[in-house]
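Here are my notes for you to read alongside the picture. Keep the viewer open and look up each residue as we go.

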Amino acid sequence: MVTDLTRRKLLNYALSSTALLPLTVLSGCNDVRKLHSDPALIGCCRTSKGHFAVAVIDNHGELLHQFPLPARGHGIALQPSGTLAAIFSRRPGQYIQIVDYKTGAIWSLRAADPHRYFYGHGVFSADGRYLYATEGEALTSRGIIGVYELSNGLPKVAEFSGVGIGPHQMISVDEHTLAVAVGGIHTLGRVPQNLSSMQSALLYIDKQTGEIIDHAELANKHLSIRHLDVTADGAVICGQQYKSQTDVIVPLMATHRRNQSLQPLFAEDEQWQRFNHYISSVVTLDDYVLATSPRGNCYGIWNSNSRELLEIKPLADVSGAAVTNKQWVLNSGSGSIAYVSVTRQSKRNQTSIIWDNHWCSIPAIKI
């Protein structure tokens with residue numbers, strides 16, 4: 001729960017965090033190139049001193065900006081028509097932080113409303129004027145989609161209710177529709193309370209009215225839908241986490257089209273075992289989908305049309321994934337960055353950043 005004391009601490013932090021952390025060099029490049037480098041990737045991390053932050057790097061792995069955070073961050077949303085990024089605190093989250101990844105400017109912190117918390121993800125509206133965030137009631141985990149205006153103080157202008165228990169990642173399927181991964185788990189703090197009765201779902205919600213316009217569930221009620229992406233032809237890919245017996249093997253990936261049922265992606269039992277019941281980031285590219293598993297220390301690539309698994313590769317503590325320059329780029333808690341093509345060729349670079357959870361690819365800036 002967000003107590004008044006916590007809210008005061010966050011507000012005090014916001015007042016004291018207007019200055020950015022010093023820029024540091026990862027690869028020995030000089031400051032001249034930094035001035036002319038474009039931001040390419042942004043992700044949550046820990047600093048060498050153990051503090052929480054958000055890092056912006058260029059295509060060479062050079063650190064351009066590092067923004068301090070008051071607590072661990074999770075997901076990031078990018079403004080489609082600007083240079084703002086929204087960082088969502090890790091569930092049960094107590095803040096949203098808005099930064100400008102091009103200029104290095106940082107907005108005042110937006111604390112969660114009383115008796116509410118953030119679930120770690122959100123998405124901007126197509127015009128960049130509004131921010132949608134997955135939220136929950138502190139004592140019940142009842143899900144809410146909060147709608148915030150991108151203006152001073154980040155005021156909440158609407159709420160969509162009736163979205164189930166524990167909504168997590170949310171994406172834009174099209175200009176008018178959100179897809180929401182509803183995990184189905186009621187927690188106190190991070191401790192599950194209802195695993196015997198949990199009910200996960202994939203919801204489609206009208207961005208203007210909050211109306212639920214489609215709803216799909218998995219047959220196995222102990223699969224919690226957590227992370228999403230959408231293919232070029234409009235199919236939603238879902239990554240799950242299994243919350244029951246450790247010796248049970250279940251598919252952890254599925255695909256969905258509107259008004260149809262969820263269809264599992266294929267893999268052999270021993271291949272599913274490699275993921276250790278846990279999918280983190282899900283990212284599509286052309287006719288392929290890649291999913292990471294930090295608990296399994298691996299990632300997998302599927303053909304999104306045939307649903308066949310093509311490859312599993314090891315990568316320690318891999319979590320964040322994005323697409324840049326027509327290839328996947330993955331991060332690791334060890335500081336490693338892997339670049340993976342659809343032909344499954346890969347190379348790795350090493351940074352001094354301790355990457356954490358998800359990250360985003362920053363499009364070429366045209367302003």
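1. A term to start with: accessible areas here come from the Shrake-Rupley method with a 1.4 Å probe. For the protein chain, that surface comes to about 15600 Å², and 49% of it belongs to carbon and sulfur atoms. Bear in mind that this is a predicted model.

2. Now the overall make-up. The protein chain has three helices and 30 strands. It runs to 367 residues, and 57% of them count as buried.

3. Four strands build it in the order S8-S9-S10-S11, with antiparallel pairing. At the edges sit S8 (116-124) and S11 (156-160), each pairing on one side only. On average, neighbouring strands in this sheet are turned by 25° against each other, direction ignored. S8 and S9 (residues 130-137) share six bridges, and you'll find Gly 122 opposite Ala 133 in S9.

4. On to salt bridges: the count is 13. In one of them, Asp 356 meets Arg 72 at 2.7 Å, N to O. Asp 356 lies in strand S30 and Arg 72 in the loop between S3 and S4, 284 residues apart. Buried or exposed, what is Asp 356? Asp 356 counts as buried because its relative accessible area is 9%, under the 20% cut-off. Arg 72, at 23%, is partly exposed.

5. Another pair is Asp 38 and Lys 102, at 3.2 Å, N to O. These two are 64 residues apart, and each sits in a loop. Asp 38 is partly exposed at 48%, and Lys 102 is partly exposed at 32%.

Methods. Residues numbered from 1 in each chain as written. Predicted model: local features only at pLDDT ≥ 70, side-chain atom pairs only at ≥ 80, totals over all residues. Heavy atoms only, no water. Buried < 20%, exposed > 50% of the residue type's maximum accessible area, 1.4 Å probe, protein only. Pairing = 2+ DSSP bridges. Axes fitted to C-alpha atoms, helices over the stretch in contact; angles between N-to-C directions. Salt bridge = Lys/Arg side-chain N within 4 Å of Asp/Glu carboxyl O.
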